[in-house]
Structure formats: structure tokens, C-alpha cells
Amino acid sequence: MGFFLRRLSFYFIALLFAATLNFIIPRAMPGDPVTMMFANATVQVTPERIAAMKELLGFVDGPLIVQFGMYIKSVLTWDLGVSVQFYPLSVNTVLGNAVGWSLFLAGSAVLLSFTLGSVLGIFAAWTRGSKFDAIISPGMLVFQAVPQVVTAMLLMFVFAVGLQWFPTGYAYSPGLTPDWTSWEFLKNVAYHAVLPLIGASIVQIGGFLIAMRNNMINLLGEDYITMAKGKGLSENRVVFNYAARNAMLPSVTALSMSLGMAIGGQMIIEIIFNYPGLGTVLLNAINARDYQVLQGQLLVMTLFMLFFNLLADMLYVLLDPRLRKGA
Amino acid sequence: MKGIFNLLMNNPKALFGSVILFMFIFVAVFAPLLTDHVPNKRTGKPHEYPSPIVKIAQAYPDGWVAENLADDKRTMLMSKDAEHVLGTTRMGRDIWAQLAYGARVSLGVGFGAGIVVCFLATVIGISAGYFGGRVDDILSAAMNVMLVIPQYPLLFVLAAFIGEAGPLTIALIIGFTSWAWGARVIRAQTMALSEKEFVKAAEVLGESRLRIIFIEILPNLVSIVGASFIGSVMYAIMMEATISFLGLGDPGTISWGIMLYNVQTSSSILVGAWWELLAPCGALITLSIGLAMLNFAVDEIANPQLRSNPGMKRFEKMQKADKKARAAHVQAEVPHFPGEQDLAKDAR
């Protein structure tokens with residue numbers, strides 16, 4: 001239990017730190033966000049209106065420490081303010097609409113790349129030094145090194161614009177009304193998710209593959225593997241039941257962590273394919289100077305990171321009995 | 001120097017990676033000599049075809065190139081002078097010039113941020129790992145906090161708030177936000193090293209801590225620091241392209257990311273100007289592959305266990321050389337009796 005309490009308190013500190021960062025960034029930049037917002041307004045702006053807007057958006061006048069207190073209070077009560085861009089909507093609503101799509105895309109991309117990467121990694125380690133290993137391991141790392149902007153743009157150019165196999169953007173056809181019970185709608189969503197999914201997973205396969213391969217290679221020299229071989233077990237059994245099962249351990253926890261990272265990492269894919277996730281919301285907020293949404297966005301993403309890190313910790317304890325006793 | 005050369009020759013991945021990297025550095029340094037046009041002014045008509053394509057299409061009007069690549073009559077007519085090696089953008093700017101001058105920004109941001117990351121990671125990692133105690137607690141907490149704050153949104157938000165960030169600003173914000181991973185690895189390695197006998201011996205001898213850090217510990221960390229440097233350069237080049245692509249960079253600079261941004265805003269993909277998209281994409285892919293190969297090579301040199309061919313190639317080479325050397329020593333036997341050779345021939 002001590003282990004968990006320590007982790008939890010660390011995550012709480014990290015959250016406070018992120019909130020502080022969130023508080024500092026807009027205030028450290030030149031110009032006042034609210035005044036900047038009105039700078040290109042066409043209507044007459046009176047000081048009262050500015051004051052009213054400031055109050056509405058949570059920019060309280062007063063010493064920094066008071067402002068900071070108010071901000072932390074609003075974070076802890078989960079009152080992130082009102083979006084400027086979609087005026088009457090609150091930040092919670094704007095982000096809430098996007099979170100589902102982001103989670104869907106990130107979740108399926110991580111699962112896909114984890115499965116592919118681990119299986120390829122197991123084979124690469126088992127046939128170390130073969131042609132397969134020599135091509136697939138650096139090959140996948142190379143894919144990982146290519147910037148996501150480039151892969152996404154090329155995917156879009158070749159398969160969406162050139163060959164026209166897949167749609168160029170959004171999560172479902174514009175005419176459809178979202179109805180999660182109709183088969184038609186689900187098919188449409190899957191069809192629209194193909195390209196973003198490929199773009200988001202291709203960069204992650206390499207990481208899982210290399211982690212799996214390196215773990216396996218380190219394990220293959222262990223005595224119990226030699227023992228299993230000596231007993232005359234079939235190759236499949238040695239590979240999957242003896243070696244891969246133990247090599248999987250670090251990968252499984254990496255899986256949870258990478259889910260948190262993927263939500264931030266796939267933003268660029270969402271933007272290029274105009275997928276209605278958090279990435280697109282972020283870009284729109286940046287372009288519209290919607291500071292409330294920006295701040296909320298960073299906070300939500302940090303929360304996801306923390307949550308999945310915590311999940312990774314729990315999985316680790318669950319999967320590795322040594323940690324359970326040690327803590 | 002000779003050692004480095006040998007290392008490159010024995011490791012095809014390292015050779016391949018460094019050739020690519022040096023090619024890009026060469027292009028970046030000699031950009032004004034390699035290009036005929038200025039990158040930031042209109043020097044041609046909008047969307048001209050690349051000149052080799054134009055020439056081939058003019059020579060074979062019914063060939064594959066003319067029918068598939070240069071299929072637009074109007075564009076073909078506009079680019080009949082074939083003055084631009086890689087064609088022009090929507091704004092009529094020379095793509096090859098943009099690519100060459102853009103290499104300066106991409107490499108500059110990459111190496112600048114790489115150096116910042118490397119420096120911070122090494123200083124923080126070694127201090128945390130070697131001094132331990134209170135210092136370690138504080139620095140480790142800072143590392144862990146930096147690791148759980150999502151990088152991409154933080155960078156985008158920072159760039160957005162700074163507004164039209166120039167290359168230097170981008171390099172600095174990348175550098176100051178992404179040192180944590182490297183620092184963590186270096187810290188772990190330092191802790192392992194400071195338990196080793198030679199460090200203990202130096203401590204017992206009464207060496208100063210600075211000397212121990214620089215003479216005993218740092219040289220043993222070179223491979224890790226090198227790997228983290230190449231990794232950060234890759235990451236920084238990628239992030240520069242991404243930030244510029246989103247329109248958060250200074251639109252006045254010429255970089256590969258800005259080129260992609262222009263592709264997106266002028267919807268060149270939709271009008272079929274493939275050359276405008278492929279040029280920056282190709283450059284980014286080639287450079288990333290080169291750096292990835294270098295990274296892989298550093299990994300292999302640092303950790304021999306991970307090599308796909310652990311020493312076998314060298315063993316085979318030695319065996320071959322050995323056989324050759326033996327063959328030179330073995331002399332043809334003198335015939336034991338006259339006619340032996342003829343006999344042997346008949347028996348065969």
C-alpha cells in the first residue's frame with residue numbers, strides 16, 4: 001500500500017505542477033489575453049465589457065497569489081470556464097465532445113501496434129541474425145523516426161486524394177446523424193478511421209517491437225530456456241510459454257503508458273485528417289486565441305497521462321509478484 | 001581519427017547514416033552555390049513542373065511520364081522553360097532553393113535543441129546520480145514531473161503563446177521541455193557506475209568530486225550521451241516540422257515545416273501538385289532514416305548483445321583470412337616417384 005500512496009502523492013504533485021504551468025504560461029506572455037481578444041473585435045469595447053469578460057473567463061484582478069488561488073480552486077472543482085470560440089458552451093462540453101474520439105483513435109492505434117509490434121518482436125528475437133530480423137527491426141525503427149506530419153500527409157495524398165480509397169477527413173460522413181446503435185453508422189466510422197489509424201499506429205510499432213526483441217534476447221540466454229529446450233518441448237511452446245511470457249512484462253506496462261502518450265502524440269494526425277478529437281480542438285483553440293480551451297486542454301491531457309501512468313503502476317504490481325512483497 | 005574511420009567502415013549502418021547526414025550538411029552550408037534562385041521571392045510561374053519531368057515529357061510526348069506525371073497541358077505550357085529543378089510552389093518560388101535553404105533551419109534547430117537537451121540531461125542526470133540524497137530527490141522529482149506532462153500539447157501551447165516563434169525560439173523550447181528522458185537514463189547509469197571499484201578507488205585516493213565526474217564517470221557515459229544526442233536531434237527536427245506545419249512558426253523563415261504548411265494552406269495536394277508535397281517529405285524522410293541508422297549504430301556499438309550478427313561476420317572473415325594464409329604456406333608436394341602425377345591423373 002505504501003507504494004501506491006507514494007505514487008499517488010507524486011501524481012498529485014505533478015498535477016499541481018501542470019496546473020501552475022498552465023497558470024504561468026498565459027500570464028508570462030506579453031499582452032493580456034482578454035485585451036488581445038478584443039483587439040480585433042468590430043464592436044465598441046467599453047472598459048466595463050472588458051472587465052465583465054475578464055470575470056467571466058476567470059481572469060480576476062488582484063495580486064498574483066490571489067489569482068493563483070482562484071485558478072487552483074477552479075481546477076480542483078473542475079470548473080474550467082467558458083469557451084470564447086463557441087461562446088455559450090463551457091470548456092467541459094467542448095473537450096468532452098472531443099475526448100471520446102481521441103480515446104477511440106488512441107486506444108485502437110495502441111492496441112494494433114502493440115499486437116503487431118510484440119509478435120514481430122518475438123519472431124525477430126527468436127530468429128536473431130536472420131534476414132527477417134535484419135530487415136524488420138531497423139525497418140520499423142525507421143518508420144518510427146519519420147515525422148508523423150510526413151506519414152500522415154503522404155497517406156492522405158496517396159490513399160485519399162490520389163487513389164480515393166478512403167475519405168479525406170472527419171470521423172463520419174457529413175450527412176449522417178451520430179447513432180451508435182445503427183450498423184450503417186458504425187461501418188462509416190470504421191471506414192473514416194482507417195487512414196488516421198494507420199498513421200497513428202505505424203510510428204508506434206517500432207517501439208514495441210524493439211522493446212520486445214531486446215527483452216527476449218536478454219531472456220533467451222537464461223537457464224530455464226535451455227532447460228525447456230533440453231526437455232524437448234516444441235519450439236512454439238518454448239517461444240510463447242517460456243520466453244515471450246516473461247518478456248511481455250515490461251511491454252504490458254509500456255502499453256498503458258503509451259496510451260497516455262498516444263493521446264498527445266496523435267494530435268498531428270487528427271489535425272491533418274480533420275478528426276474531431278482533442279488535437280483538432282487544440283488547433284482551433286490556438287487559431288481562435290481561445291485561452292480557456294487551451295488551458296483546459298493541457299490539463300485534460302496531463303490528467304490522461306497521469307491516469308495511464310497510475311494504471312501502469314497498478315499493472316506492474318499485479319503482474320510482478322516481487323513488487324507486491326517488496327513494497 | 002583513424003579509429004572513427006574504421007568504426008564507420010565496419011558498420012554499414014553507421015556509414016550509411018553519416019553519409020546522409022553529411023550530404024545534408026553539405027547542401028545546407030553551400031546552399032547559395034547549389035541553387036540558381038532565391039528561396040523567398042517569386043522566380044517563376046505558379047506550380048511549374050520539375051525540369052527533368054518537363055524535358056522528358058517534351059522529348060517523348062506520348063511516353064509514360066507525359067501521360068501520368070506531367071498530364072496537365074496548362075501547367076506543361078507554363079513550365080516549358082524547365083528552369084526549376086524541383087518545380088515551383090503555388091507562389092512561384094523555387095522548391096529546390098527552399099529545400100536547400102530549409103536544410104539550414106532544420107539542421108540548425110535539430111542540432112541546437114540536441115545540444116541543449118544533451119547538456120541539460122547530462123548535467124542533471126550526473127548530478128542526481130552521483131550526489132544522491134537531497135539533490136537526487138529534487139532532480140528526480142523534476143524529471144518525473146517533466147515526463148508525465150504531455151510533450152506535444154505543451155510545445156504547441158508554448159509556441160502558440162509566444163506567437164510566430166522563430167527557429168531559435170523553437171530550438172530553445174524543444175530543448176527545455178525534452179531533457180527528462182535522457183536525464184533519467186544517464187542518472188541510472190551514473191548510479192551504477194559510481195558503485196564500481198575504480199570510482200571507489202578514486203574516492204579513497206581523495207580525488208575531488210569534479211575530477212571523478214569528468215575523468216572517471218563521464219567517459220563511460222559517452223555512448224549513452226551520444227545516443228541521447230542523436231535521439232534529441234531527430235525529435236527536434238520532427239517537432240520543428242510539426243510546429244511550423246501547424247502555422248505556429250514564423251511564416252517568414254524558410255524551413256521544411258513551413259514548406260509543408262504552404263502545401264496545406266494552398267491546397268496543393270488537391271490540385272495535384274505532387275512535387276510540392278514530395279520535396280519536403282522526401283527530405284525529412286531521408287534525413288530521419290539517416291539519423292535513425294546512426295542511432296541504431298550507436299546502440300550496437302554500446303550494447304554488443306543487440307547486434308543482429310554478433311561477431312559472426314568478423315569470425316567468417318578471420319576464417320577466410322586464416323585459410324588463405326595457410327594455403328600460402330602449404331607447398332605443392334614433390335613427386336615421390338617419377339610418373340606419380342600421371343598416375344593421379346588417370347585415377348581421376
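Begin by selecting Lys200(B), which is partly exposed, with a relative accessible area of 35%. Please keep in mind throughout that this is a predicted model.

**A second pair in chain B**

Now select Asp136(B) and Arg187(B). These residues form a salt bridge as well, with their closest N and O atoms 2.8 Å apart. This pair links distant parts of the chain: Asp136(B) is in helix 8 of chain B and Arg187(B) is in helix 11 (residues 180–193), 51 residues apart. Is Asp136(B) buried or exposed? Asp136(B) is buried, because its relative accessible area is 10% and the cut-off for a buried residue is under 20%.

**Chain B as a whole**

Show chain B as a cartoon. Chain B has 19 helices and 0 strands, and 47% of its 348 residues are buried. Then colour residues 107–295 of chain B, which an unreviewed UniProt entry annotates as "domain: ABC transmembrane type-1". This span is 82% helix and 0% strand, and its end C-alpha atoms lie 16 Å apart.

Within helix 7 of chain B (residues 95–131), select Thr122(B). Thr122(B) is buried, at a relative accessible area of 13%. Which residues does Thr122(B) contact, leaving aside neighbours within four places in sequence? They are Ile186(B), Leu218(B) and Val225(B).

**Where the chains meet**

Display both chains. The contact involves 45 residues from chain B and 50 residues from chain A. The area buried between them is about 4300 Å², and carbon and sulfur atoms give 83% of it. How many salt bridges does the rule find across this interface? The number is 0. On the side of chain B that touches chain A, several helices each supply at least two residues, including helix 8 (133–148), helix 14 (222–245) and helix 17 (274–302). Helix 17 of chain B gives the largest share, 11 residues. The residues on this side of chain B comprise 36 nonpolar, 7 polar and 2 charged.

**Into chain A**

Select helix 12 of chain A, residues 278–287. This helix is mostly covered, with 8 of its 10 residues buried; among them are Leu278(A), Val281(A) and Ile286(A). The buried residues of this helix pack against helices 5, 10, 11 and 13 of chain A, together with helix 9 of chain B. Just after helix 12 of chain A, Arg289(A) takes a positive phi of about 55°.

Move to helix 10 of chain A and select Ala244(A). Ala244(A) is buried, with a relative accessible area of 4%. Not counting residues up to four places away in sequence, Ala244(A) touches Ile122(A), Met212(A), Met216(A) and Val239(A).

**The last stop**

Finally, select Asp133(A) and Arg213(A), which form a salt bridge with their closest N and O atoms 2.9 Å apart. Asp133(A) lies in helix 6 of chain A (residues 131–145) and Arg213(A) in helix 8 of chain A (residues 183–220), 80 residues apart. Both Asp133(A) and Arg213(A) are buried. Over all chains, the structure holds 4 salt bridges.

Note on methods:
Residues numbered from 1 in each chain as written. Chains lettered and ligands numbered in written order. Predicted model: local features only at pLDDT ≥ 70, side-chain atom pairs only at ≥ 80, totals over all residues. Heavy atoms only, no water. Contact = heavy atoms within 4.5 Å. Buried area = accessible area lost by both parts, 1.4 Å probe. Salt bridge = Lys/Arg side-chain N within 4 Å of Asp/Glu carboxyl O. Helix = DSSP H or I, 4+ residues; strand = E, 2+ residues; numbered from the N terminus. Nonpolar A, V, L, I, M, F, W, Y, C, P; charged D, E, K, R; others polar. Buried < 20%, exposed > 50% of the residue type's maximum accessible area, 1.4 Å probe, protein only. UniProt positions renumbered as here; feature names shortened; annotations may be inferred.
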